[in-house]
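Open your viewer and switch to a cartoon view. This tour goes from one selection to the next.

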Amino acid sequence: MQIQKMEKRIEEIKGKLVLIGEMRPGSLNEQLTVCGRSNCRCTAPKKPQKHGPYYQLSYVHQGKSTSQFVQKEWVGAVRSQLANYKHFKALTAEWVDIALTLAKEKLRADKERHKGETLALEQKQRAIRGTRSRDMTR
Ligand SMILES: [Zn+2]
């Protein structure tokens with residue numbers, strides 16, 4: 001990718017990040033449980049019906065993993081927060097990728113420019129030396 005294209009893409013990413021709504025990291029799991037009480041539908045010998053589904057949200061923050069139950073009425077909102085976080089992560093990961101490549105490219109371009117300048121300077125110095133040495137042979 002060209003430097004200009006990379007810079008443009010970073011600007012696009014910034015624009016998209018601004019639009020991200022509520023977010024949170026983690027994953028949501030559905031669980032069905034057995035309560036263990038006798039004569040409960042969950043342990044019925046024929047067609048047992050487990051309790052639930054219950055929704056458990058698990059996430060890792062600052063190296064600590066946590067999980068908590070989520071009320072059914074919040075499941076939709078939580079799913080959307082989780083999706084927003086994924087989007088956020090994908091965008092920032094792409095930004096970092098491009099930032100690293102961009103930094104490398106700029107450094108390389110700068111070196112090329114310096115190499116050109118150094119080469120021109122060396123040629124000039126050689127030319128001067130050449131004149132001098134010719135002078136000395138006289
Ligand atoms: Zn039960």
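How many of the seven residues of strand 3 (residues 64-70) are buried? Select strand 3: the number is zero, so this strand lies largely in the open. Buried means that 20 or more other C-beta atoms, placed from the backbone, lie within 10 Å of the residue's own. Helices (H or I, at least four residues) and strands (E, at least two) are DSSP runs, numbered from the N terminus.

This is a predicted model: local features need pLDDT of at least 70, side-chain atom pairs count only at pLDDT 80 or more, and totals for chains, interfaces and linings use all residues. Residues are numbered from 1 along each chain as its sequence is written.

Strands 2 and 3 pair antiparallel over seven bridges; pairing takes at least two DSSP bridges. Find Y59, which stands opposite T66 in strand 3. Two residues separate the strands of this hairpin, and Q62 in the turn has a positive phi of about 50°.

Strand 1 joins strand 2 through six antiparallel bridges. Here N29 faces Q56 in strand 2. Show the three strands together: they form an open antiparallel sheet in the order 1-2-3.

**Confidence.** Colour by pLDDT, the predictor's confidence in each residue, from 0 to 100. The protein averages 92, and 95% of the residues score at least 70.

Conventions
Buried ≥ 20, exposed ≤ 12 C-beta atoms within 10 Å, placed from the backbone.
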